[in-house]
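Subject: Structure handover

Hello,

The structure you asked about is below. Please look it over before you read the notes.

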Amino acid sequence: MSQPGQYRKVLLINPPGVVYLFPDGRPAHRKHCAPTMGLAYLAANLLQHGYEVEVLDILAEGYSNEEVHKEQNVLVYGLPLQKVIERVRRAAPDLIGMSVLFSSGAMEAHRICKALKDEFPGLPIVLGGQHPTGAPYEVMKDGSIDYVMLGESDLTFVSLLDALNGKLPLASVIGLVYREGDEVRNTLAGVKPVYEGAGYNYYLARDSGIPMKLDELPRPAWHLFPMASYWNVDVRISGGDAAGERYAVMMSTRGCPHVCYYCTSPLQSGYKGYRRRSNDAVVAEIHWLIQEFGVEEVMFFDDNFFVSVPRAKELVRLIAKEFPRTMFSVPGGTEVNALDDEMIDLLAAANFYKLTLNIESGNQEIQNALIDKKVKLHRIPQLVQRLRDRGIETKAMLMIGFPGEKRASIERTVQLAKSLDVDDFFLSIVAPLPGTPLWDETKEKGLFIEGSSLNTVRYSNSTITLPDLTPEELEGIRYQTWKESFEERRRRISARRHKKFEDRREYETIGFKSLSPPKVEVE
Ligand code: B12
Ligand code: SF4
């Protein structure tokens, strides 16, 4: 490693994957493996500023290696710790940057950081991503972590390196959480937030150090990433499997103009911090992905791809013209109110073969009170029909178990899931995420179920106490609803596009090497 004060080489790490196991040993969800776009952007920005970068994707490179940690009810998959240590030794970085996107993977990320600190005590470790942004002070309780960076850190991570190299004062690095003696300080402390939460704040985008002009960002440095490891696994991306052999992920916008009370977007991307790239830059990046990486499918991971209707229509028109042989999908956020007939026709013409419809709740009162985008429920059945007529697959996203939600309201959402003619739906149990008003409400009202921890923050198990349903009843309703409709709906999805699963059990257990098929089912 180089002399103190000289920070030239950064090792970017994606931590292992974590699957929560129900007490009977059943996995609560599938494994996942996806290109880590945040790290690819950080790498590109560092390279642009003359830093050296190496990437270690513990999850993707060790996807088949599993360990069951019974005491925590989790299955962890990724490279074994010894291999990670060897790789770090070989890389000989001056600083480690680890991405913790999922709060559910935080404990495992801390375990790796502790082991690395023991082995390489002088090597600074920086954590960024959705989880540390939502719970920075909690994360800094771990002495092996030197810094947390808040929100989109494309520019600020470079500033941190510059500061460590003596070019800037540390206090000028926006969104940096650091230690001074026994104190944990935050460089955003003097900035007036738009909203104050418990241990986190929402800031205006322009105050939070995130990139405002997205076209000025370099393209993600995918050449440093193990792309084949993302393509050659059996559960690619997770539930929304890619159909093309080689797929890429990208973003045409960042942030969202809404503020839904369970969502981390305002935390990560600034309060109403919606920013767009120019459509020309998006088209140029798709050409580059096809030429450089031979991709056949592009997935847009935007928080809210459709919210600006004229922008989305113009982009989709351009895509139809430029890429007649490439497939496209929007597996992340779909503002369903923005989908009109013209948009659907344009999407079909541009090979957008799959959309995720974020409907959230079948109860209009919940829509109005808690869901800022206020989905117009009465439009949904015709919308789904129109998408089906135009050959676009649909997956509905629905949530049950908001604080105070009663059985009757939950039943409305369940009925909506069953009645909609969608190809698939994800009925999730409301899971409070650190850094959201939902988390604060659940904590303040003492509604966290006993034994809840970050490990249990999933969408298939209960974390909130409800007025007239037990946690097991809610989990049973969720699982039963999905199970009943799985076979019928999955069969409809064209076998040409997707891996065909023999049955539901194969779908649920695919990719797990160390679990015997589940014996007990929630009935
Ligand atoms: C793509 C995606 C996935 C992919 C996987 C992504 C991957 N690379 O592994 C899939 C589909 C598999 C997935 C699954 C899940 N997801 Co998801 N997913 C996303 C999504 C839509 C985009 C992520 C992304 O690429 N963002 C774009 C890049 C540019 O941003 P970024 O990664 O955050 O990186 C920036 C900053 O965070 C920061 N940063 C990141 N890393 C680092 C590291 C350092 C050192 C520094 C300094 C900075 C830094 O700088 C980066 C550049 O700006 C986000 C929402 C979102 N908009 O981010 C949700 C999101 C990350 N997912 C979420 C959740 C909850 C899940 C699931 C648990 C849901 C479930 N079904 O149970 C699962 C977890 C997987 C599992 N089964 O265990 C939550 C996580 C919140 C939390 N605190 O836990 C998010 C935030 C959505 C939400 N608001 O609810 N997801
Ligand atoms: S519309 Fe979607 S991305 Fe925007 S705040 Fe609401 S849940 Fe988050």
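Predicted model: local features only at pLDDT ≥ 70, side-chain atom pairs only at ≥ 80, totals over all residues.

Residues are numbered from 1 along each chain as its sequence is written, while chains are lettered from A and ligands numbered from 1 in the order in which they are written.

Domains. The domain assignment gives domain 1 (9–192) and domain 2 (243–492); such bounds come from an automatic or database assignment. Taken over C-alpha atoms, the centres of domain 1 and domain 2 are 26 Å apart. In domain 1, 19 residues are in contact with 18 residues of domain 2 (C-beta atoms, placed from the backbone, within 7 Å). On the domain 1 side, helix H4 (106–119) and helix H5 (130–134) are the elements that give two or more residues (helices are DSSP runs of H or I, at least four residues, and strands runs of E, at least two, numbered from the N terminus). H5 gives the most, with 4 residues.

Sheet. Six strands form an open sheet in the order S13-S16-S17-S18-S19-S20, with parallel pairing (two strands pair if DSSP finds at least two bridges between them). Strand S13 (247–250) and strand S20 (424–429) are the edge strands, each pairing on one side only. S20 is joined to strand S19 (residues 393–400) by 6 bridges, and the two run parallel. Isoleucine 400 has isoleucine 429 in S20 as its bridge partner.

Regards

Methods
Contact = placed C-beta atoms within 7 Å.
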